[in-house]
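The following note is intended for a reader who is new to describing protein structures. Please look at the model first and then follow the points in order.

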Amino acid sequence: MKKVKVKTNQDIKCVDQKEHAEEKKYNGWDNYETWNVSLWINNNEQMYHIATRKIVRTYRDFVNVAKCLGITQTGDGVKFNDKKVNYIEIDDMIKEMKEDV
């Protein structure tokens, strides 16, 4: 007689966690840090105004201008120069913001 392994809730949780980890996405963004930076830029009036300035064309520009104003991280503590932040995604976001202004 052939033995059949029955999946338990624990087995299902492990599969779900693996699939989620493979997605490497956080609320549609590359990771938590990128999501958090985008959230703050879009929802904080001062950061939004920095991002939509004419001299800010890229996320790197945003980081430099914000640093001159004494702002180096989000309100949640994610540093703007964190290596985990996906600059390409934030560049695209800033470009889209400027199209809407």
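Predicted model: local features only at pLDDT ≥ 70, side-chain atom pairs only at ≥ 80, totals over all residues.

1. A definition is required at the outset: two axes count as roughly parallel when the angle between them is under 35 degrees, and as roughly antiparallel when that angle is over 145 degrees.

2. The overall architecture may be described next. The secondary structure of the chain consists of five helices and zero strands, and along the sequence the pattern reads α-α-α-α-α. The chain has 101 residues, of which 30% count as buried. Among contacts between residues at least 6 apart in sequence, 60% join residues at least 24 apart.

3. How do the axes of helix H2 and helix H5 cross? Helix H2 comprises residues 32–43 and helix H5 residues 87–100; their axes come within 10 Å and cross at roughly 20°. H2 and H5 are therefore roughly parallel to each other. The handedness of this crossing is right-handed. In general, a pair of packed helices is described by the angle between the axes and by the distance between them.

4. Which residues form the contact of H2 with H5? On the H2 side, Thr34, Val37, Ser38, Ile41 and Asn42 take part, and they meet Glu89, Ile90, Met93 and Met97 in H5. Sorted by class, the contact of H2 with H5 has five nonpolar, three polar and one charged residues.

5. Asn31 deserves a separate point. This residue is found in the loop between helix H1 (9–23) and H2. Is Asn31 buried or exposed? Residues under 20% relative accessible area are classed as buried; Asn31 has 17% relative accessibility and therefore counts as buried. The side chain of Asn31 reaches the backbone nitrogen of Thr34 at 2.8 Å, and Thr34 is itself one of the H2 residues that meet H5. When residues up to four places away in sequence are not counted, Asn31 touches Tyr26 and Lys84.

How values were computed
Residues numbered from 1 in each chain as written. Heavy atoms only, no water. Axes fitted to C-alpha atoms, helices over the stretch in contact; angles between N-to-C directions. Helix = DSSP H or I, 4+ residues; strand = E, 2+ residues; numbered from the N terminus. Parallel < 35°, antiparallel > 145°, perpendicular 65-115°, else oblique. Left-handed = near helix turned anticlockwise from the far one by under 90°. Contact = heavy atoms within 4.5 Å. Nonpolar A, V, L, I, M, F, W, Y, C, P; charged D, E, K, R; others polar. Buried < 20%, exposed > 50% of the residue type's maximum accessible area, 1.4 Å probe, protein only. Polar contact = N/O pair within 3.5 Å; in protein donor to acceptor, adjacent residues only side chain to side chain.
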